[in-house]
Amino acid sequence: MVHAFPDIESAGFASAETESGRRVRDAANTYRELTGVLPEAANIDGDASFDRHVLASILALALSEGGSLAARAGLSDAELADLFSLWFAARRIDPSTDGMENPVDADEIEIVRELLLENRSSEGDCGRWLAGMIARRAMEPNHLWEDLGLRDRSELTRLIGRHFAPLARRNDKNMRWKRFIYRMMCENDGFVMCSTPVCSNCADYDLCYGPETGASRFASAAQPPTAPAARQTV
Ligand code: SF4
């Protein structure tokens, strides 16, 4: 199987600023409902606090997008119920909302999930759930850390290092995370993603190693729309 990169975002902020602003408020309010604080006030010093922040970020962003929360978050209904029971039992969130869902490739999600599960470094359900959540959110068009609702790339790097440490060790050249995951998938399947054997000679160098900068999905839509040409994320 040849793995195609998800579409490159080019016009996600082009219009509907009011709708985007509403989603940001919804996501931030959901995050606060889950954790008691807004995302910018999250304390992630300890591992449990960090995991809670990551789970709440993904759920809050996925819920703000409409459609089935379980599907948007990459979980089964049973897994979502277990996650809420274990981490957010006191919180009341309606997991089913109206709205359109992006078409996604279930086979591709499963391949990403399997890669992550093969590289798990944590015990318990959290890492297993996160494998599904990361796999589903990787189908979205922005930087992976953005589509997980995280505040910056460093949180994704910490997440991978904590729950999928073998992958973190293999990304010793600090490739963009989504690009790196797809390269691992290709290598596992015996395919070659790269057009040259040496990265420094490759026309895709910036796609693999360019900075993964951007604004948090909780904040970006509250800002004026950015020029589409400035976005190039894989
Ligand atoms: S820069 Fe080119 S050769 Fe290096 S990993 Fe990316 S696609 Fe492959």
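Asn174 is placed in the loop between helix H9 (165–170) and helix H10 (177–188), where helices are DSSP runs of H or I with at least four residues and strands are E runs of at least two, both numbered from the N terminus. Although Asn174 is not a glycine, its phi is positive, at about 60°. Most residues other than glycine have a negative phi. Asn174 is partly exposed, with 13 other C-beta atoms within 10 Å; a residue is buried if 20 or more other C-beta atoms, placed from the backbone, lie within 10 Å of its own, exposed if 12 or fewer, and partly exposed in between.

The model is predicted; local features require a pLDDT of at least 70 and side-chain atom pairs a pLDDT of 80 or more, whereas totals for chains, interfaces and linings use all residues. Residue numbers run from 1 along each chain as its sequence is written. The protein chain has an average pLDDT (the predictor's confidence in each residue, from 0 to 100) of 84, and 82% of the residues score at least 70.

The secondary structure of the protein chain consists of 12 helices and 0 strands. Of its 234 residues, 36% are buried. Among contacts between residues at least 6 apart in sequence, 71% join residues at least 24 apart.

The largest nonpolar core contains 46 residues, of which Ile58, Leu59, Ala60, Ala73, Ile134 and Leu156 touch the most other members. Such a core is a set of buried Ala, Val, Leu, Ile, Met, Phe, Trp, Tyr and Cys residues joined through C-beta atoms within 7 Å. Helix H2 (residues 47–64) supplies the largest share of this core, 9 residues. Leaving aside neighbours within four places in sequence, Ile58 contacts Ala73, Met133, Arg137, Leu148 and Gly149.

Helix H6 (residues 125–137) is largely enclosed by the rest of the structure, because 10 of its 13 residues are buried. Among these are Trp129, Met133, Ile134, Arg136 and Arg137. The cover over the buried residues of H6 includes H2, helix H3 (69–73), helix H4 (77–87), helix H5 (106–118), helix H7 (144–147) and H8. Cys126, found in H6, is buried, with 20 other C-beta atoms within 10 Å. The C-alpha atoms of Cys126 and His163 are separated by 8.5 Å, with the two residues 37 apart along the chain.

Leu117 lies in helix H5 and counts as partly exposed, with 15 C-beta neighbours inside 10 Å. Not counting residues up to four places away in sequence, Leu117 touches Arg128 and Ala131. The C-alpha atoms of Leu117 and Ala131 are 6.1 Å apart.

The residues around the ligand are Arg183, Met193, Cys194, Thr196, Cys199, Cys202, Asp204, Tyr205 and Cys208, each with its C-beta atom, placed from the backbone, within 6 Å of the ligand.

Terms used: Contact = placed C-beta atoms within 7 Å.
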